[in-house]
Amino acid sequence: MKKVLAFAIAILCAATFVQAQEDESTNQKKQATELAMFGIGARLAVGYGMIWGLEDDWSGGENDENPGGIDLEGGAMGRIVLTPVLQFTPELLFRYANYSQDDDLGERKFKQMNVEIPLLVRAVATPEFYAYIGPQLGLNLSHDVSLKAKVPNKTGTGTINHSVPEKVEQTSFGFGIAVGAGYFVIDKLALDFRVGFGLSELYPDSKGGFIDLSGAKDLSFKFGLNYWVF
């Protein structure tokens, strides 16, 4: 009888241990699934930006080139899995742009620092390749528009450069669309190419002075490096 009782107790203990292991395995799988549903990462991108939508004679001349130059951004990304092929990937980025344009009068500089919030929906075509599109919100932190004009030297023998600030105010809030595609080169690390189309005017009250920036909007082309922490 004692042997039977001991055997029954051993069977019960073994069953309890097996059940505990199965419960632990189920919890680990659940945690892994929940972890895969959400993600946090970092982004750094560099590229070329320009101002588009200007009139041909925006600076007093015909067919003037649009201002353009370096465009940088960096910040944090998030990921929420919606379906097996769709993800919501919002971002919070700091952006710096420095554009310039030369003509007979001198060189114009357009600088801005913004907080950008792209609200992107990502379509996953394969485990490596994805494409995305979504609205992009912007909050202007600082801006500067100046003209480095060529003015006659007092001696009359040449010209000197003289910096003249333009009295134009950049809008505090901007709106646009971001579209792009990316590829995971290794696990958690992806490269992408993004185009940002500004839809709101940068300088809605810019008439007067040396230039007329009515209709000015942002356009950027960037190569990005994205790393997902998890």
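Let me begin with leucine 93. Beyond its neighbours within four places in sequence, leucine 93 is in contact (heavy atoms within 4.5 Å) with Arg43, Glu73, Gly74, Gly75, Ala76, Asn114, Val115, Glu116, Pro118 and Arg194. The structure is a predicted model, in which local features need pLDDT of at least 70 and side-chain atom pairs count only at pLDDT 80 or more, while totals for chains, interfaces and linings use all residues. Residues are numbered from 1 along each chain as its sequence is written, and side-chain values use heavy atoms, with hydrogens and water left out.

Leucine 93 sits in strand 3, residues 86-102; strands here are DSSP runs of E of at least two residues, helices are runs of H or I of at least four, and both are numbered from the N terminus. Its relative accessibility is 2%, so leucine 93 counts as buried; buried means under 20% relative accessible area, exposed over 50%, and partly exposed in between, with a 1.4 Å probe and protein chains only. Between the C-alpha atoms of leucine 93 and glutamate 116 there are 5.0 Å, although 23 residues separate the two along the chain.

I turn to the overall fold. Of its 230 residues, 34% are buried.

Which residues are linked in a network of salt bridges? They are Arg43, Asp71, Glu73, Glu91, Arg95, Glu116, Asp192, Arg194, Asp218 and Lys222. A salt bridge is a side-chain nitrogen of Lys or Arg within 4 Å of a carboxyl oxygen of Asp or Glu, and the whole structure holds ten. In one of them, aspartate 192 meets arginine 43, with the closest N and O atoms 2.9 Å apart. This pair joins strand 8 to strand 1 across 149 residues of sequence. Aspartate 192 is buried at 4% relative accessibility, and arginine 43 is buried at 3%.

Arginine 194 and glutamate 91 form another salt bridge, at 2.9 Å from N to O. Arginine 194 is in strand 8 and glutamate 91 in strand 3, so this pair ties together parts 103 residues apart in sequence. Both residues are buried. By way of contrast, I note the salt bridge of lysine 109 with glutamate 107, at 3.7 Å: lysine 109 is partly exposed at 27%, and glutamate 107 is partly exposed at 22%.

Finally, the nonpolar cores. These are sets of buried Ala, Val, Leu, Ile, Met, Phe, Trp, Tyr and Cys residues joined through side-chain atoms within 4.5 Å. The largest has 13 residues, and Ile51, Phe110, Tyr203 and Leu213 have the most contacts inside it. A separate core of eight residues includes Leu120, Tyr132, Ala190 and Trp228. Leucine 213, setting aside neighbours within four places in sequence, is in contact with Leu54, Trp58, Phe110, Val168, Tyr203 and Ser206.
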